[in-house]
Amino acid sequence: MKFKLIIAWLWIAIPLAWGVCQSVKKSLPLFRGAVISKEKK
Amino acid sequence: MSFLSREATIAQPGFSRWLVPPAAVAVHMCIGQVYGFSVFNKPLGAELGVPVSSINMAYQIALIMLGLSAAVLGKWVERSGPRKAMVASCACFCGGLVLAALGVKLKMLWLILFGYGFVGGIGMGLGYISPVSTLVKWFPDRPGMATGMAIMGFGGGALIGSPLGQELMKSFSAGGYSALEISEATIDQKLLFLVIRPFVAPLNALAQGTISGAMQTLIVMATLYSGFMLFGAFIVRVPTAGWKPAGWKPKEHEKRLVTTANVSVDVAWRTPQFWLLWVVLCMNVSAGIGVLGRAADMCQDMFGVSAAIGAGFAGLLSLFNMGGRFVWSSISDHTGRKAIYCVYFILGAALYALLPWTELTQNKPLFVAATAIIISMYGAGFATIPAYLRDLFGAHQVGAIHGRLITAWSVAAVIGPGLINGQYDRRVANGVPKAEAYNGTFYLMISLLVIGLIANLLVRPVHARHHLRSDLAA
(Lines give C-alpha, C1' and ligand atoms only; values in the text may rest on other atoms or scores of the structure.)
Protein backbone atom coordinates (compact mmCIF):
# COMPACT_ATOMS: atom_id res chain seq x y z
CA MET A 1 0.00 0.00 0.00
CA LYS A 2 2.89 2.36 0.81
CA PHE A 3 4.30 1.91 -2.71
CA LYS A 4 0.90 2.60 -4.25
CA LEU A 5 0.58 5.74 -2.16
CA ILE A 6 3.99 7.02 -3.25
CA ILE A 7 3.25 6.38 -6.93
CA ALA A 8 -0.20 7.97 -6.72
CA TRP A 9 1.05 11.12 -5.02
CA LEU A 10 4.04 11.42 -7.37
CA TRP A 11 1.73 10.99 -10.37
CA ILE A 12 -0.08 14.20 -9.47
CA ALA A 13 2.73 16.04 -7.67
CA ILE A 14 5.12 16.12 -10.66
CA PRO A 15 2.79 17.91 -13.11
CA LEU A 16 1.51 20.21 -10.36
CA ALA A 17 5.07 21.11 -9.36
CA TRP A 18 5.86 21.80 -13.02
CA GLY A 19 2.83 24.09 -13.25
CA VAL A 20 3.82 25.90 -10.06
CA CYS A 21 7.39 26.35 -11.36
CA GLN A 22 6.06 27.85 -14.58
CA SER A 23 3.96 30.33 -12.61
CA VAL A 24 6.83 31.22 -10.29
CA LYS A 25 9.02 31.84 -13.36
CA LYS A 26 6.28 33.99 -14.86
CA SER A 27 5.94 36.01 -11.67
CA LEU A 28 9.69 36.66 -11.25
CA PRO A 29 9.63 39.96 -13.23
CA LEU A 30 7.30 41.30 -10.54
CA PHE A 31 9.98 40.87 -7.87
CA ARG A 32 12.79 41.93 -10.19
CA GLY A 33 10.71 45.03 -10.92
CA ALA A 34 10.47 45.74 -7.21
CA VAL A 35 14.25 45.42 -6.83
CA ILE A 36 14.90 47.69 -9.81
CA SER A 37 12.52 50.35 -8.54
CA LYS A 38 14.19 50.27 -5.10
CA GLU A 39 17.61 50.65 -6.72
CA LYS A 40 16.35 53.63 -8.73
CA LYS A 41 15.20 55.29 -5.51
CA MET B 1 -21.02 -6.27 -11.52
CA SER B 2 -18.95 -4.27 -13.98
CA PHE B 3 -15.55 -2.72 -13.32
CA LEU B 4 -17.16 0.70 -13.48
CA SER B 5 -20.02 0.06 -11.05
CA ARG B 6 -20.15 1.53 -7.55
CA GLU B 7 -20.03 -1.98 -6.04
CA ALA B 8 -16.70 -2.68 -7.79
CA THR B 9 -15.16 0.38 -6.12
CA ILE B 10 -15.99 -0.55 -2.52
CA ALA B 11 -12.68 -0.51 -0.62
CA GLN B 12 -11.23 -3.75 0.68
CA PRO B 13 -9.85 -3.92 4.24
CA GLY B 14 -6.39 -2.36 4.42
CA PHE B 15 -7.14 0.29 1.79
CA SER B 16 -5.62 3.67 2.67
CA ARG B 17 -7.99 6.62 2.36
CA TRP B 18 -4.98 8.75 1.36
CA LEU B 19 -5.20 7.18 -2.13
CA VAL B 20 -8.48 8.99 -2.74
CA PRO B 21 -7.20 12.62 -2.78
CA PRO B 22 -4.68 11.88 -5.60
CA ALA B 23 -7.51 10.26 -7.57
CA ALA B 24 -9.60 13.40 -7.14
CA VAL B 25 -6.70 15.75 -7.91
CA ALA B 26 -5.81 13.74 -11.05
CA VAL B 27 -9.27 14.47 -12.47
CA HIS B 28 -9.50 18.07 -11.26
CA MET B 29 -6.08 19.12 -12.55
CA CYS B 30 -7.10 17.96 -16.04
CA ILE B 31 -10.47 19.68 -16.23
CA GLY B 32 -8.89 22.80 -14.66
CA GLN B 33 -7.27 23.26 -18.08
CA VAL B 34 -10.35 25.33 -18.93
CA TYR B 35 -8.79 28.31 -17.11
CA GLY B 36 -5.83 28.11 -19.48
CA PHE B 37 -7.97 27.97 -22.65
CA SER B 38 -7.15 31.60 -23.45
CA VAL B 39 -3.76 30.50 -24.89
CA PHE B 40 -5.71 29.15 -27.90
CA ASN B 41 -7.60 32.40 -28.52
CA LYS B 42 -5.11 34.23 -30.72
CA PRO B 43 -3.68 31.22 -32.65
CA LEU B 44 -7.13 29.85 -33.41
CA GLY B 45 -8.51 33.28 -34.24
CA ALA B 46 -5.72 33.71 -36.80
CA GLU B 47 -6.08 30.14 -38.10
CA LEU B 48 -9.82 30.38 -38.69
CA GLY B 49 -9.87 34.08 -39.55
CA VAL B 50 -12.42 34.91 -36.85
CA PRO B 51 -12.30 37.40 -33.95
CA VAL B 52 -10.66 36.24 -30.72
CA SER B 53 -13.99 36.79 -28.91
CA SER B 54 -15.58 34.09 -31.12
CA ILE B 55 -12.96 31.55 -30.03
CA ASN B 56 -13.34 32.63 -26.40
CA MET B 57 -17.00 31.66 -26.61
CA ALA B 58 -15.83 28.04 -26.28
CA TYR B 59 -14.57 28.90 -22.78
CA GLN B 60 -17.85 30.57 -21.85
CA ILE B 61 -19.96 27.70 -23.21
CA ALA B 62 -17.73 25.25 -21.30
CA LEU B 63 -18.34 27.08 -18.01
CA ILE B 64 -22.09 27.21 -18.63
CA MET B 65 -22.14 23.49 -19.46
CA LEU B 66 -19.98 22.75 -16.42
CA GLY B 67 -22.65 24.22 -14.15
CA LEU B 68 -25.62 22.77 -16.05
CA SER B 69 -24.24 19.24 -16.36
CA ALA B 70 -23.19 19.18 -12.70
CA ALA B 71 -26.70 20.27 -11.73
CA VAL B 72 -28.55 17.86 -14.03
CA LEU B 73 -26.26 14.82 -13.73
CA GLY B 74 -25.45 15.11 -10.02
CA LYS B 75 -27.97 12.43 -9.03
CA TRP B 76 -26.64 10.08 -11.70
CA VAL B 77 -23.10 10.63 -10.38
CA GLU B 78 -24.25 9.76 -6.83
CA ARG B 79 -26.03 6.64 -8.09
CA SER B 80 -23.29 5.42 -10.41
CA GLY B 81 -20.32 6.01 -8.12
CA PRO B 82 -17.11 7.95 -8.69
CA ARG B 83 -15.40 5.54 -11.12
CA LYS B 84 -18.13 5.50 -13.75
CA ALA B 85 -18.52 9.28 -13.39
CA MET B 86 -14.77 9.84 -13.80
CA VAL B 87 -14.63 7.63 -16.90
CA ALA B 88 -17.65 9.46 -18.38
CA SER B 89 -15.99 12.76 -17.53
CA CYS B 90 -12.79 11.61 -19.28
CA ALA B 91 -14.73 10.49 -22.37
CA CYS B 92 -16.55 13.81 -22.65
CA PHE B 93 -13.64 16.12 -21.76
CA CYS B 94 -10.98 14.39 -23.87
CA GLY B 95 -13.52 13.62 -26.61
CA GLY B 96 -14.35 17.31 -26.62
CA LEU B 97 -10.67 18.18 -27.10
CA VAL B 98 -10.48 15.78 -30.07
CA LEU B 99 -13.65 17.25 -31.60
CA ALA B 100 -12.17 20.73 -31.20
CA ALA B 101 -8.99 19.49 -32.93
CA LEU B 102 -11.15 18.24 -35.80
CA GLY B 103 -12.81 21.65 -35.87
CA VAL B 104 -9.38 23.27 -36.31
CA LYS B 105 -8.51 20.88 -39.14
CA LEU B 106 -11.83 21.48 -40.94
CA LYS B 107 -11.77 25.20 -40.01
CA MET B 108 -15.25 24.91 -38.51
CA LEU B 109 -15.76 27.28 -35.59
CA TRP B 110 -19.05 25.65 -34.63
CA LEU B 111 -17.30 22.30 -34.16
CA ILE B 112 -14.73 23.87 -31.83
CA LEU B 113 -17.50 25.50 -29.81
CA PHE B 114 -19.53 22.29 -29.74
CA GLY B 115 -16.54 20.04 -29.03
CA TYR B 116 -14.67 22.01 -26.39
CA GLY B 117 -17.57 24.07 -25.05
CA PHE B 118 -20.55 21.72 -25.09
CA VAL B 119 -19.11 18.18 -24.92
CA GLY B 120 -15.96 19.16 -23.01
CA GLY B 121 -18.03 21.31 -20.63
CA ILE B 122 -20.21 18.31 -19.75
CA GLY B 123 -17.02 16.38 -18.97
CA MET B 124 -15.86 19.20 -16.71
CA GLY B 125 -19.14 19.23 -14.79
CA LEU B 126 -19.06 15.46 -14.28
CA GLY B 127 -15.40 15.52 -13.27
CA TYR B 128 -15.84 18.44 -10.90
CA ILE B 129 -18.47 16.77 -8.73
CA SER B 130 -17.46 13.12 -9.13
CA PRO B 131 -15.00 12.91 -6.20
CA VAL B 132 -16.74 15.32 -3.79
CA SER B 133 -19.15 12.93 -2.12
CA THR B 134 -16.49 10.18 -1.92
CA LEU B 135 -13.94 12.50 -0.29
CA VAL B 136 -16.44 13.74 2.27
CA LYS B 137 -17.27 10.15 3.21
CA TRP B 138 -13.59 9.15 3.51
CA PHE B 139 -12.69 12.23 5.57
CA PRO B 140 -15.58 12.90 7.97
CA ASP B 141 -13.01 14.27 10.40
CA ARG B 142 -11.49 16.73 7.88
CA PRO B 143 -13.96 17.38 5.04
CA GLY B 144 -12.66 20.90 4.39
CA MET B 145 -9.10 19.72 3.94
CA ALA B 146 -10.14 16.81 1.69
CA THR B 147 -12.35 18.77 -0.69
CA GLY B 148 -9.91 21.68 -0.54
CA MET B 149 -7.19 19.39 -1.83
CA ALA B 150 -9.29 18.22 -4.79
CA ILE B 151 -10.43 21.68 -5.72
CA MET B 152 -6.88 22.95 -5.35
CA GLY B 153 -6.15 20.50 -8.19
CA PHE B 154 -8.60 22.46 -10.36
CA GLY B 155 -6.62 25.64 -9.65
CA GLY B 156 -3.42 23.74 -10.41
CA GLY B 157 -4.90 22.62 -13.73
CA ALA B 158 -4.81 26.21 -14.92
CA LEU B 159 -1.12 26.48 -14.00
CA ILE B 160 -0.39 23.37 -16.08
CA GLY B 161 -2.80 23.84 -19.00
CA SER B 162 -1.67 27.28 -20.01
CA PRO B 163 2.14 26.75 -20.31
CA LEU B 164 1.62 23.22 -21.65
CA GLY B 165 -0.61 24.55 -24.43
CA GLN B 166 1.92 27.25 -25.30
CA GLU B 167 4.90 24.88 -25.34
CA LEU B 168 3.06 22.30 -27.45
CA MET B 169 1.79 24.83 -29.96
CA LYS B 170 5.29 26.19 -30.34
CA SER B 171 6.62 22.65 -30.97
CA PHE B 172 4.00 21.83 -33.58
CA SER B 173 3.49 25.19 -35.28
CA ALA B 174 4.79 25.82 -38.79
CA GLY B 175 7.97 27.45 -37.46
CA GLY B 176 8.54 25.07 -34.57
CA TYR B 177 11.57 25.49 -32.31
CA SER B 178 14.85 26.58 -33.87
CA ALA B 179 18.04 24.64 -33.05
CA LEU B 180 19.22 27.64 -31.02
CA GLU B 181 15.99 27.70 -28.99
CA ILE B 182 16.31 23.99 -28.25
CA SER B 183 19.92 24.36 -27.13
CA GLU B 184 18.97 27.22 -24.83
CA ALA B 185 15.82 25.53 -23.51
CA THR B 186 15.38 24.65 -19.84
CA ILE B 187 15.51 21.00 -18.72
CA ASP B 188 11.72 20.64 -18.57
CA GLN B 189 11.34 22.14 -22.05
CA LYS B 190 13.97 19.75 -23.42
CA LEU B 191 12.27 16.82 -21.73
CA LEU B 192 8.88 17.77 -23.15
CA PHE B 193 10.43 18.20 -26.57
CA LEU B 194 12.08 14.75 -26.35
CA VAL B 195 8.80 13.10 -25.31
CA ILE B 196 6.74 14.59 -28.11
CA ARG B 197 9.43 14.44 -30.83
CA PRO B 198 8.34 11.03 -32.18
CA PHE B 199 4.78 12.34 -32.57
CA VAL B 200 5.66 15.62 -34.26
CA ALA B 201 5.98 14.25 -37.81
CA PRO B 202 2.85 12.01 -37.84
CA LEU B 203 0.71 14.63 -36.12
CA ASN B 204 1.95 17.37 -38.42
CA ALA B 205 1.06 15.13 -41.38
CA LEU B 206 -2.41 14.68 -39.91
CA ALA B 207 -2.75 18.41 -39.43
CA GLN B 208 -1.70 19.31 -42.95
CA GLY B 209 -3.22 22.61 -43.99
CA THR B 210 -3.14 24.11 -40.48
CA ILE B 211 -0.39 26.43 -39.23
CA SER B 212 -0.93 27.20 -35.56
CA GLY B 213 -0.12 23.79 -34.10
CA ALA B 214 -3.37 23.98 -32.13
CA MET B 215 -4.83 20.83 -33.69
CA GLN B 216 -1.85 18.68 -32.71
CA THR B 217 -1.74 20.33 -29.28
CA LEU B 218 -5.39 19.48 -28.61
CA ILE B 219 -4.80 15.84 -29.60
CA VAL B 220 -1.69 15.54 -27.39
CA MET B 221 -3.56 17.15 -24.50
CA ALA B 222 -6.50 14.76 -24.95
CA THR B 223 -4.08 11.81 -24.79
CA LEU B 224 -2.17 13.09 -21.76
CA TYR B 225 -5.27 14.11 -19.86
CA SER B 226 -7.05 10.81 -20.53
CA GLY B 227 -4.05 9.03 -18.96
CA PHE B 228 -4.36 11.09 -15.78
CA MET B 229 -8.15 10.93 -15.57
CA LEU B 230 -8.31 7.17 -16.10
CA PHE B 231 -5.60 6.77 -13.46
CA GLY B 232 -7.88 8.64 -11.04
CA ALA B 233 -10.84 6.45 -12.01
CA PHE B 234 -8.72 3.33 -11.55
CA ILE B 235 -7.54 4.08 -8.00
CA VAL B 236 -10.67 5.69 -6.56
CA ARG B 237 -12.61 3.68 -3.96
CA VAL B 238 -15.72 4.29 -1.87
CA PRO B 239 -15.84 3.34 1.81
CA THR B 240 -18.14 0.60 3.08
CA ALA B 241 -21.39 1.81 4.67
CA GLY B 242 -20.81 3.15 8.17
CA TRP B 243 -17.01 3.29 7.77
CA LYS B 244 -15.19 5.66 10.15
CA PRO B 245 -11.48 6.55 10.42
CA ALA B 246 -9.70 4.45 13.05
CA GLY B 247 -9.96 6.06 16.47
CA TRP B 248 -12.32 8.80 15.32
CA LYS B 249 -15.66 9.28 17.00
CA PRO B 250 -18.22 11.83 15.86
CA LYS B 251 -18.59 14.54 18.51
CA GLU B 252 -21.59 13.97 20.74
CA HIS B 253 -22.42 17.66 20.74
CA GLU B 254 -21.71 18.74 17.20
CA LYS B 255 -21.68 22.44 16.32
CA ARG B 256 -25.17 23.85 15.70
CA LEU B 257 -24.60 24.08 11.95
CA VAL B 258 -23.17 20.57 11.57
CA THR B 259 -25.90 18.01 11.11
CA THR B 260 -25.71 14.27 11.68
CA ALA B 261 -28.85 13.83 9.54
CA ASN B 262 -29.10 13.76 5.73
CA VAL B 263 -31.17 15.72 3.23
CA SER B 264 -31.85 14.45 -0.30
CA VAL B 265 -30.86 16.63 -3.25
CA ASP B 266 -34.48 17.08 -4.39
CA VAL B 267 -35.42 18.48 -0.98
CA ALA B 268 -32.17 20.36 -0.34
CA TRP B 269 -32.47 22.68 -3.32
CA ARG B 270 -35.89 23.83 -2.13
CA THR B 271 -34.57 24.98 1.25
CA PRO B 272 -33.57 28.61 1.96
CA GLN B 273 -30.16 27.36 3.10
CA PHE B 274 -29.37 26.10 -0.41
CA TRP B 275 -30.21 29.45 -2.00
CA LEU B 276 -28.34 31.40 0.67
CA LEU B 277 -25.23 29.34 -0.10
CA TRP B 278 -25.91 29.88 -3.82
CA VAL B 279 -25.74 33.65 -3.22
CA VAL B 280 -22.64 33.19 -1.01
CA LEU B 281 -20.79 31.35 -3.81
CA CYS B 282 -22.02 33.63 -6.59
CA MET B 283 -20.93 36.80 -4.73
CA ASN B 284 -17.59 35.34 -3.71
CA VAL B 285 -16.80 34.27 -7.29
CA SER B 286 -17.97 37.57 -8.83
CA ALA B 287 -15.85 39.56 -6.36
CA GLY B 288 -12.72 37.53 -7.16
CA ILE B 289 -13.19 37.83 -10.90
CA GLY B 290 -12.96 41.61 -10.41
CA VAL B 291 -9.24 41.31 -9.79
CA LEU B 292 -8.37 38.05 -11.51
CA GLY B 293 -9.81 38.94 -14.91
CA ARG B 294 -7.92 42.22 -15.22
CA ALA B 295 -4.91 41.60 -12.99
CA ALA B 296 -2.17 42.38 -15.51
CA ASP B 297 -3.90 45.53 -16.87
CA MET B 298 -4.73 46.73 -13.38
CA CYS B 299 -1.13 46.49 -12.19
CA GLN B 300 0.10 48.34 -15.28
CA ASP B 301 -2.53 51.09 -15.14
CA MET B 302 -2.31 51.72 -11.39
CA PHE B 303 1.46 51.60 -11.01
CA GLY B 304 2.81 52.24 -14.51
CA VAL B 305 4.78 48.98 -14.58
CA SER B 306 5.75 47.07 -17.74
CA ALA B 307 3.63 44.35 -19.39
CA ALA B 308 6.11 41.69 -18.17
CA ILE B 309 5.65 42.80 -14.55
CA GLY B 310 1.86 42.89 -15.08
CA ALA B 311 1.98 39.30 -16.35
CA GLY B 312 4.19 38.40 -13.38
CA PHE B 313 1.56 39.82 -11.06
CA ALA B 314 -1.14 37.69 -12.77
CA GLY B 315 1.13 34.63 -12.36
CA LEU B 316 1.56 35.31 -8.65
CA LEU B 317 -2.20 35.63 -8.19
CA SER B 318 -2.80 32.26 -9.87
CA LEU B 319 -0.47 30.68 -7.28
CA PHE B 320 -2.45 32.23 -4.44
CA ASN B 321 -5.68 31.16 -6.13
CA MET B 322 -4.45 27.58 -6.00
CA GLY B 323 -2.85 27.63 -2.54
CA GLY B 324 -5.77 29.43 -0.90
CA ARG B 325 -8.08 26.58 -1.86
CA PHE B 326 -6.21 24.13 0.33
CA VAL B 327 -5.07 26.41 3.16
CA TRP B 328 -8.31 28.28 3.93
CA SER B 329 -10.47 25.21 3.42
CA SER B 330 -8.31 23.22 5.85
CA ILE B 331 -8.56 26.03 8.40
CA SER B 332 -12.37 25.87 8.08
CA ASP B 333 -12.30 22.41 9.69
CA HIS B 334 -11.26 24.17 12.92
CA THR B 335 -13.16 27.46 12.69
CA GLY B 336 -16.42 26.19 11.22
CA ARG B 337 -17.72 27.05 7.75
CA LYS B 338 -19.92 30.02 8.60
CA ALA B 339 -17.09 31.75 10.47
CA ILE B 340 -14.57 31.25 7.67
CA TYR B 341 -16.95 32.67 5.04
CA CYS B 342 -17.42 35.70 7.33
CA VAL B 343 -13.62 36.07 7.22
CA TYR B 344 -13.61 35.79 3.41
CA PHE B 345 -16.26 38.49 3.08
CA ILE B 346 -15.17 40.92 5.82
CA LEU B 347 -11.43 40.67 5.18
CA GLY B 348 -12.05 40.70 1.42
CA ALA B 349 -14.13 43.89 1.65
CA ALA B 350 -11.55 45.55 3.93
CA LEU B 351 -8.73 44.69 1.52
CA TYR B 352 -10.72 45.95 -1.49
CA ALA B 353 -11.29 49.21 0.43
CA LEU B 354 -7.52 49.46 0.91
CA LEU B 355 -6.66 49.17 -2.81
CA PRO B 356 -7.49 52.77 -3.87
CA TRP B 357 -5.22 53.98 -1.07
CA THR B 358 -2.34 51.78 -2.30
CA GLU B 359 -2.71 53.45 -5.72
CA LEU B 360 -2.79 56.92 -4.16
CA THR B 361 0.39 56.27 -2.18
CA GLN B 362 1.94 54.07 -4.92
CA ASN B 363 2.50 51.33 -2.34
CA LYS B 364 3.10 48.38 -4.66
CA PRO B 365 4.07 45.74 -2.04
CA LEU B 366 0.87 46.42 -0.09
CA PHE B 367 -1.19 46.27 -3.30
CA VAL B 368 0.37 42.93 -4.26
CA ALA B 369 -0.11 41.50 -0.74
CA ALA B 370 -3.73 42.66 -0.49
CA THR B 371 -4.75 41.33 -3.91
CA ALA B 372 -2.94 38.03 -3.27
CA ILE B 373 -4.96 37.52 -0.08
CA ILE B 374 -8.18 38.51 -1.90
CA ILE B 375 -7.51 35.91 -4.60
CA SER B 376 -6.57 33.23 -2.08
CA MET B 377 -10.03 33.74 -0.54
CA TYR B 378 -11.68 33.68 -3.98
CA GLY B 379 -10.23 30.19 -4.54
CA ALA B 380 -11.09 29.21 -0.99
CA GLY B 381 -14.74 30.06 -1.61
CA PHE B 382 -14.91 27.22 -4.16
CA ALA B 383 -13.03 24.80 -1.96
CA THR B 384 -14.93 25.33 1.28
CA ILE B 385 -18.44 25.12 -0.17
CA PRO B 386 -18.66 21.28 -0.42
CA ALA B 387 -17.81 20.98 3.29
CA TYR B 388 -20.39 23.70 4.11
CA LEU B 389 -23.00 21.67 2.17
CA ARG B 390 -22.02 18.53 4.00
CA ASP B 391 -22.38 20.34 7.35
CA LEU B 392 -25.90 21.50 6.48
CA PHE B 393 -27.29 18.62 4.39
CA GLY B 394 -25.19 15.61 5.42
CA ALA B 395 -22.91 13.47 3.25
CA HIS B 396 -25.66 11.33 1.62
CA GLN B 397 -26.08 13.28 -1.65
CA VAL B 398 -23.62 16.10 -1.10
CA GLY B 399 -22.08 15.64 -4.56
CA ALA B 400 -25.43 16.13 -6.29
CA ILE B 401 -26.30 19.12 -4.08
CA HIS B 402 -22.88 20.59 -4.86
CA GLY B 403 -23.60 20.03 -8.55
CA ARG B 404 -26.74 22.14 -8.36
CA LEU B 405 -24.97 24.82 -6.35
CA ILE B 406 -22.18 25.38 -8.85
CA THR B 407 -24.68 26.88 -11.28
CA ALA B 408 -23.86 29.95 -9.14
CA TRP B 409 -20.33 29.78 -10.52
CA SER B 410 -21.57 29.57 -14.12
CA VAL B 411 -23.77 32.62 -13.57
CA ALA B 412 -20.94 34.56 -11.92
CA ALA B 413 -18.41 33.55 -14.57
CA VAL B 414 -20.62 34.74 -17.41
CA ILE B 415 -22.29 37.81 -15.88
CA GLY B 416 -19.51 38.92 -13.50
CA PRO B 417 -16.83 40.00 -16.00
CA GLY B 418 -19.40 41.86 -18.14
CA LEU B 419 -20.64 43.75 -15.10
CA ILE B 420 -17.14 44.63 -13.97
CA ASN B 421 -15.69 45.52 -17.37
CA GLY B 422 -18.81 47.54 -18.23
CA GLN B 423 -18.46 49.57 -15.03
CA TYR B 424 -14.76 50.23 -15.72
CA ASP B 425 -15.35 51.15 -19.38
CA ARG B 426 -18.12 53.61 -18.42
CA ARG B 427 -15.83 55.39 -15.95
CA VAL B 428 -13.01 55.64 -18.50
CA ALA B 429 -15.48 56.93 -21.11
CA ASN B 430 -16.58 59.59 -18.59
CA GLY B 431 -13.02 60.89 -18.43
CA VAL B 432 -11.84 59.21 -15.20
CA PRO B 433 -8.06 58.48 -15.43
CA LYS B 434 -7.36 54.78 -16.00
CA ALA B 435 -5.51 54.41 -12.70
CA GLU B 436 -8.51 55.72 -10.76
CA ALA B 437 -11.18 54.02 -12.86
CA TYR B 438 -10.58 50.79 -10.95
CA ASN B 439 -11.76 52.40 -7.71
CA GLY B 440 -15.36 52.07 -8.86
CA THR B 441 -14.74 48.37 -9.55
CA PHE B 442 -13.35 47.92 -6.04
CA TYR B 443 -16.41 49.56 -4.48
CA LEU B 444 -18.65 47.34 -6.61
CA MET B 445 -16.71 44.31 -5.32
CA ILE B 446 -17.21 45.48 -1.73
CA SER B 447 -20.98 45.72 -2.27
CA LEU B 448 -21.02 42.17 -3.71
CA LEU B 449 -19.08 40.92 -0.69
CA VAL B 450 -21.51 42.64 1.69
CA ILE B 451 -24.42 40.87 -0.05
CA GLY B 452 -22.53 37.57 0.33
CA LEU B 453 -21.86 38.32 4.02
CA ILE B 454 -25.56 39.01 4.70
CA ALA B 455 -26.54 35.74 2.96
CA ASN B 456 -23.96 33.86 5.01
CA LEU B 457 -25.14 35.39 8.28
CA LEU B 458 -28.71 34.31 7.49
CA VAL B 459 -27.73 30.62 7.23
CA ARG B 460 -29.45 28.54 9.93
CA PRO B 461 -29.57 24.76 10.46
CA VAL B 462 -31.90 22.88 8.08
CA HIS B 463 -35.26 22.10 9.69
CA ALA B 464 -35.68 18.50 10.86
CA ARG B 465 -38.75 18.05 8.63
CA HIS B 466 -36.39 18.03 5.61
CA HIS B 467 -34.23 15.21 7.01
CA LEU B 468 -34.21 11.81 5.33
CA ARG B 469 -35.26 8.77 7.31
CA SER B 470 -32.07 7.03 8.47
CA ASP B 471 -32.95 3.79 6.62
CA LEU B 472 -33.28 5.72 3.32
CA ALA B 473 -29.96 7.49 3.83
CA ALA B 474 -28.03 4.27 4.37
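A residue is taken as buried if 20 or more other C-beta atoms, placed from the backbone, lie within 10 Å of its own, as exposed if 12 or fewer do, and as partly exposed in between. The structure described here is a predicted model, in which local features need pLDDT of at least 70 and side-chain atom pairs count only at pLDDT 80 or more, while totals for chains, interfaces and linings use all residues. Residues are numbered from 1 along each chain as its sequence is written, and chains are lettered from A and ligands numbered from 1 in the order in which they are written.

Because K107(B) has 15 C-beta neighbours inside 10 Å, K107(B) counts as partly exposed. K107(B) lies in the loop between α4 (82-106) and α5 (109-129) of chain B, where helices are DSSP runs of H or I with at least four residues, numbered from the N terminus. The phi of K107(B) is near 55 degrees, a positive value in a residue other than glycine. Of the 25 residues of α4(B), 20 are buried, so α4(B) is largely enclosed by the rest of the structure.

A positive phi of about 55 degrees is also found at Q362(B), which is not a glycine. Q362(B) is placed in the loop between α15 (337-360) and α16 (364-393) of chain B, and with 13 C-beta neighbours inside 10 Å it counts as partly exposed.

Leaving aside neighbours within four places in sequence, L281(B) is in contact (C-beta atoms, placed from the backbone, within 7 Å) with G381(B), I385(B), L405(B), A408(B) and W409(B).

The axes of helix α3 (residues 52-80) and helix α17 (residues 398-405), both of chain B, come within 7 Å and cross at roughly 175 degrees, axes being lines fitted to C-alpha atoms over the stretch in contact and angles running from 0 to 180 degrees between N-to-C directions. That crossing makes α3(B) roughly antiparallel to α17(B), a term for angles over 145 degrees. Residues of α3(B), including A70(B), L73(B) and V77(B), meet G399(B), A400(B), G403(B) and R404(B) in α17(B).

Note on methods. Helix = DSSP H or I, 4+ residues; strand = E, 2+ residues; numbered from the N terminus. Parallel < 35°, antiparallel > 145°, perpendicular 65-115°, else oblique. Contact = placed C-beta atoms within 7 Å.
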